[in-house]
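Visitor: I am new to this structure and would like to learn how to read it. Could you walk me through a few of its features?

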Amino acid sequence: MHIFALELRNSWKSTVLWTIALGLIIWLMLAFFPAMQSESMQAVAGAKLDSIDPALLQIFGIESLADFTQITSYFGYVLQYITIAIMVFITQTAVATLVKEETEGSIELVYSMPVTRTQIFWQKSLAILASFAMMILTLYIVTNIGYLLYSEYGLVESLQETGMFYGAVLFIGLIYFSTGLLLSSVIPSSRVGTAFVLAVVFGTLMFGIMGSLIEKLSFMMYMAPMEWVKVSKLMNEGIRPIELGIGVLVTLISMLMALFIYKKRDLRL
Amino acid sequence: MIQVNHLQKYYGKQLAVEDVTFSVKEGEILGFVGPNGAGKSTTIRILLNFIYPSSGNATINGKDVVTESQEIKRFTGYVPSDVRYYEHMTVDELIRLNSNFHAGKTYIKEAERLCELFELNVTNKFGQLSTGNKKKVAIVCALASKPKVLILDEPTNGLDPLNQRRLFQELGDQASQGATILLSSHNLSEVQEYCDRAVFIKQGRILTEIDLKEIQKPRKLVTVVGGQQIRHPDMELLEHSNSKRIYRYHGDSNVLLALLQQAVPNDFIVENESLEARFMDLYAKEEQ
C-alpha cells in the first residue's frame, strides 16, 4: 500500500484546505440561522422569495421548502451550493489522479518501482476516496455541531437528518469521482483538466435545471446527480431506486473503463 | 541479460523505432549511442513498460518487458534522462519512498554511502536542487538496491566531471559483480572509455554495433601533405583536396611507416581514430 500512502501524502494539503473552507462556510451559514428566525428577517426573506418567479425558486431547489425559519429548509438551501463545491473538488482531484503524474513526470519514479498499473490505479483511487470520505465526515461533524448549537434539534435527530444529506452527497461524489477518473485516463495533460472539470460539474448542473424547467427534457434529471440530492427532494422521496441504479452503473462502468484504458495505453512522458 | 528483438514503435503514424535488435550480456556495459530523437529513450521506455511496442519483443533476465514488468523492476534500477520526481519531497524522503519497494535497511545503508560519495545533501527538497543534483538523486535511488540490471538514460547530463568519474567507477564495480548495464549517452568519449560495446542508433534504426575492446587497437587517421598517393589494402582514402590526403589505416604500425617512407610526403600527421570520428563517419555515410 505504498502508493496509497504516497497519494494520501500528495493530496492531503488540498483536501484539508477545501475541508477548512467548506467547513467554515457551513459554520458561518449555520451561525446565521438564529437570525433567520426573527420576525423581521422572516418578513424580508418572505418578501424577497415572493417576488421571485416560481420557476426560479425551483431552480434554486426551494420550491417546496421555502421556510427558512426551519433548519432543514435553510440548511438545504446552503447545502446545494456546498454540494456543487464538493463535486468540483472531487472531480478535480479525480481528473488529476492519473494524468498529473504523467504531466509532471513523477510517473517515471512511481512506475520504475515494482508495481503494476492496476496497483497504481486502485491504490491511488482508494487514497482519493479515503480523503473524500474524511472530508465528508468532517463536514458532517461540523454541520451537526452547528445544528446542535443553532437549532432546536437533538443529537439523534440531527445525526439522522444530516446523515441522510451527507450520505447522498457521498454517493453522488462517487459518480463524479469515477467520471473524473475516466477523464484522467484519456486526457492528454493535467493542464486541460480544469476545463473538463467545469464541463462535467456545471454541465450536469445545467441538465438538472433544464430537466426541471422543461417537461420534454425531464429525462435530463437522470443525468443530473446534484438534482437527486436536493434536500427538498431528499426529504420527500429520498434517492429513488432508478437514480441509485444509474449512479452505481455509471460509477462501475467509468472505473472499469478508466482502468482498462490506463492499463492499455502508453504513459505520456 | 537484456534481449531486444525486432522492436518497432509507432506514435500514431510516426515511426519512432524500427526493427531494433540488440542484447546486453551479464557483467557488460553497453553504450547506446545516437543523436537526439534517434529512438534511445523510446527503446528504454519500452524496456520499462512505460510504453508498449507496436511489434517485436524484449526480455530482461528472461522476463517479458510487457507481461512481467513488475518482476523486472524488482531487480532493475533506472535513471531517467530528465529527472522529475516529487518537488515537495526531500532527498531523504525520496530515498525512503524507494526503500519501501526494496530491501529497506540494506537499501538505506547503501543509499547513505552513495549520498556521501556523490556529496548529496539529503535534507534538501528535490524541487530546490540543481539539474546535476537531481540527477544524483536518481542515480542514488537506482543504484542503492544493487540491481542486477541498470538502465541509465543519459546519466551524466548535468553531472560535473568528478561525479561523472565516480558514477562510472560505481558502474564498473556493479558490472564486475555481474550487473547488466545499458547506458544511453551522447558523450562518445565516456562510452569509449567505460563501455564494453556500443550500439549506434539513428532515426529509430540500429546502424552498427562496435566492440569497444577491439577499438583499443585503434584505427589510425593519417593526414598526408604532398607526395604520392598510398595504395594498400589496409589504407582507405577518406578525403583528397589539393595536395592533402586523409586516410584511415588499420594495420601494423611498421608497415605504415614503410608506406609513408615510400610516398615521400612533405608532411604527415598520424592520430588514433576516436569513437567520435567513427560516429561522425558512420552518420555521414548514413546521410549520403
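**Reading the model step by step**

Guide: Let us start with one residue: Asn272(B) is found in strand S14 of chain B, which covers residues 267–272. Please keep in mind that this is a predicted model.

Visitor: Is Asn272(B) buried, partly exposed or exposed?

Guide: Relative accessibility is the value to look at, and buried means under 20%, exposed over 50%. Asn272(B) has 48% relative accessibility, so Asn272(B) counts as partly exposed.

Visitor: Thank you. What can I say about chain B as a whole, and how many helices and strands are there in it?

Guide: Chain B has nine helices and 14 strands. Along the principal axes, its C-alpha atoms fill a box of roughly 70 × 45 × 30 Å. Of its 288 residues, 50% count as buried. For contacts in chain B with a separation of 6 or more, 65% come from residues 24 or more positions apart.

Visitor: Let us turn to helices. At what angle do helix H5 and helix H7 of chain A pack?

Guide: For a pair of helices, look at the angle and at the distance between the axes. Helix H5 (residues 71–104) and helix H7 (residues 117–150) of chain A pack at an angle of about 160°, with their axes 11 Å apart. Angles over 145 degrees count as roughly antiparallel, so H5(A) is roughly antiparallel to H7(A). H5(A) passes H7(A) in a right-handed crossing.

Visitor: Which residues make the contact?

Guide: From H5(A), they include Phe75(A), Phe89(A) and Leu98(A). From H7(A), they include Phe121(A), Phe132(A) and Tyr147(A). By class, the residues of this contact divide into 13 nonpolar, four polar and two charged.

Visitor: How do H7(A) and helix H8 of chain A pack?

Guide: H7(A) and helix H8 (residues 155–186) of chain A pack at an angle of about 155°, and their axes are 9 Å apart. H7(A) and H8(A) are therefore roughly antiparallel to each other. Their crossing is right-handed. The contact of H7(A) with H8(A) has 19 nonpolar, seven polar and one charged residues.

Visitor: Finally, how do I read the interface of chain B and chain A?

Guide: The general idea is that the size of an interface is often given as the accessible area lost when the parts come together. Chain B and chain A bury about 2600 Å² between them, with 56% of it on carbon and sulfur atoms. Phe50(B), Arg84(B) and Phe101(B) supply 29% of the area that chain B buries against chain A, more than any other three residues. Counted by contacts, 27 residues of chain B are in contact with 29 residues of chain A.

Technical notes: Residues are numbered from 1 along each chain as its sequence is written. Chains are lettered from A and ligands numbered from 1 in the order in which they are written. This is a predicted model: local features need pLDDT of at least 70, side-chain atom pairs count only at pLDDT 80 or more; totals for chains, interfaces and linings use all residues. Side-chain values use heavy atoms; hydrogens and water are left out. Axes are lines fitted to C-alpha atoms, for helices over the stretch in contact, and angles run from 0 to 180 degrees between N-to-C directions. Helices (H or I, at least four residues) and strands (E, at least two) are DSSP runs, numbered from the N terminus. Angles under 35 degrees count as roughly parallel, over 145 as roughly antiparallel, 65 to 115 as roughly perpendicular and the rest as oblique. A crossing is left-handed if the near helix is turned anticlockwise from the far one by less than a right angle, and right-handed if clockwise. Contact means heavy atoms within 4.5 Å. Ala, Val, Leu, Ile, Met, Phe, Trp, Tyr, Cys and Pro count as nonpolar, Asp, Glu, Lys and Arg as charged, and the others, Gly among them, as polar. Buried means under 20% relative accessible area, exposed over 50%, partly exposed in between (1.4 Å probe, protein chains only). Buried area is the accessible area (1.4 Å probe) that two parts lose on being put together, summed over both.
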